[in-house]
Every structure is written in C-alpha cells, then in structure tokens.
Amino acid sequence: MRASAVAGIIFANSYDELLEKLTSKRSMASVPFGGRYRLIDFSLSNLVNAGITNVGVITKENYRSLMDHIGSGIYWDLDRKSGGLRILPPYNIRGAKRYNGYIEAIKGAMDFINRCNCEYMIISESEVVANVNIAEAVNHHIETHADVTVVYHNGRFPENHPDTMLLSFADDGRVNSIEFPTKQINGNANYSLGIMVISRRLLVELIEDAYNSESLGINRDILAPKVSKLRIYGFCHKGFAEVIDSEKTYFEANRMLLDDNVRHDFFNKERPIFTKTRDDMPTRYGTKSNVENSLIADGCIIDGTVKNSILFRGVKVEKGAVIENSILMQGVSVAENAQLDYVISDKDASIGADMILKGTSKKTFLVKKNQTL
C-alpha cells in the first residue's frame, strides 16, 4: 500500500442519538473514553498508523469540544502544509442548514474529496472502538480487485445501531448478502465496523447518483441494493472491537479495558493510540487510599476507595468515599463518605458528602456535566 494514494473521511456526529445524554453538548467523536481518550482518537490513530496524512472530519453540530481536542492535528502528526487534518463543517446544500444523512454529508465534502488527489478513500464512523490495521485492509482491497471493502468483526451484533450491516459471504470472501436485523441475534455474527475502503472515483460516482435520487444512507441506499452488482469484500478485524450503540455498551466497552488481555491487545506498540496530551502532575494517593483493578489518569487525588473503575484526569476522591464499577470523567469531585456504584459521571460534576448513587450493570446512574449533587 502506498500511503499517499489513500485519504480518510471520519464522521464526527455519526449516530449522536445513541448516546443522547453524553452528546447533548458534544459530538459522538468527542465523547471521552478509557480514562484519557476521545472516541475520534481511535479512528484518527487507525489512519495515521497506516501512514495516511490526508484526513477530513465531517461535522454537523456541537463540534466545539471536538475542535478543541483535535486542534491542528499536531498530536497525530497531521499538522501539515500539504494534506493534514481538515475540519469539514456543514455545507449549505438543498437549502438546508445541516446535512440530512451520509449522502448529503459526503456531497457537502466533495471539494475536499476532489482535491485529495488520491486513489482510495477510507470512510470511518466515530462510534467504533477498534485498533484496525488499515494498511492490511487497503492491501486486501487491492488484491481482491474489490469495488468496496467493508471492515467487519465477528462478535455480538450491535442491536441498537440502526445501520450496522449483518454480512454473509460466498466461498471466495465476497459479500453476497447484507441485512439490517430488527430482532436480537443469538450468538456471534459477522457485522460491519463502520469502516470501508473504496476508490475515490467510484465514491464520487455513487454519491452523485445517490444524491440525485435523494437517497440518505450509504449502507442501506447504496451497498445493500447493489450487493450483487458491486464487488464488495470483507476484511476481518480479529482484535478487540465494540460499536458504541447505547449507554450500556459504552459502559461495558470502557470496563473491558480493565481486562489485562484486552488492554494489551488493544494498546499495542505496533499501532499506538494517539490523543491530545496534557501536562499534569502524577496522581497522588493518600495514606488510607485503596485502589483495586482500576485505570487512573494523571492529576487525580485519591484519598478514598476505588475499585473496578475508570477515572479520567483531575478526579478527586476524598476520605471515606467509595467508588466501585464506575466511570468518572475529567474534573469530577467526590466528597467524603459518598458511595458510587455503577455510575457514569460526566466532566466537572460534584458529588456531595454522604451521597449514595447506585445503578446496576444493566442501567447505570448518569450524572450530567457540571451537575452538583
């Protein structure tokens, strides 16, 4: 694969409604994850680890925090005079202030696509947590002479995601069936990870045709109807992967990182995950603190008990407080003797002394950003 022949597009607001409590003031791409990351970090890292240096991020709304996070792209080595990282805000087409569907989104970004001067495009959604070898996916695309290559995973089908494709394959690996199940699937299934490889020329052709027919989505309105006409192949990602399709899966995907095997597979030296770095002091642990099986970011002050939890930067846990099975985002403070179990707390929330907040593994208790309890 020649990296200069490939460019990438990431959808920042893909399916914000799946995490509506966490995306009311931010995009899906900027939702915090894993103690120090944002969801877009995984898509960006997948691309730059393959040597791709021309990336466009299509935004729709609530993208101020995203712009603050990715900036010029310097933390992903994308601050370049030629190519680099480009924010692609909504483009006024059909008289609408915001695009309606993926087709209009890509149509609005057509200037970027035409100027890429590349042969292949990677299209990626932002609600997928996976460390994918994009270089191998592109090579597979070239070797099979595919029109479209869909990156897929074999595992639990994301039942709440409306446009995840259930894939069936012929003996040669070609996709011969695309479905969108409306009922829960028992056992593992082959499903798309929201990442595809396609030639730039074919992408432009398909988008123009779909736009003129007022179609909305790539998966339902282009790939599924043309599965017998296009040469669609699959590239299997065999590592850790989760599609964030609900608050429950967001919570579970975060907590999977507490497993040593998952963490070591996901964060590997060959394909590192990059993010915006912040200089902060090391976490301080009090003499009576107790921490077990948890991920603790820099800048925290821990004087209480933390078990099976993920704490982002700058979290404060005072004496007597007990945090279990929870996710506390940046700047959260927990006062003395408070008890949290199965809680997701957004940034800069304050939980008062002696407060008891408890959810369950099926339904977590969510504290809003800047909320005081």
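So, which side chains meet in a salt bridge at 2.3 Å, N to O? That's Asp260 and Arg263, where a salt bridge is a side-chain nitrogen of Lys or Arg within 4 Å of a carboxyl oxygen of Asp or Glu. Both sit in helix 9, residues 260-266, three residues apart, about one turn of the helix. Helices here are DSSP runs of H or I, at least four residues, and strands are E runs of at least two, numbered from the N terminus.

Quick caveats. This is a predicted model, so local features need pLDDT of at least 70 and side-chain atom pairs pLDDT 80 or more, while totals for chains, interfaces and linings use all residues. Residues are numbered from 1 along each chain as its sequence is written, and side-chain values use heavy atoms, with hydrogens and water left out.

Okay, back to the pairs. The whole structure has eight salt bridges. One of them joins Glu208 and Lys107, with the closest N and O atoms 3.0 Å apart. That pair links distant parts of the chain, helix 6 (200-212) for Glu208 and helix 3 (102-108) for Lys107, 101 residues apart.

Then there's Arg220 with Asp163, closest N and O atoms at 2.6 Å. Arg220 is in helix 7 (218-223), and Asp163 is in the loop between strand 8 (148-155) and strand 9 (166-169). Asp163 counts as buried because its relative accessibility is 18%, and the cut-offs are under 20% for buried, over 50% for exposed, partly exposed in between, with a 1.4 Å probe and protein chains only. Arg220, at 40%, is partly exposed.
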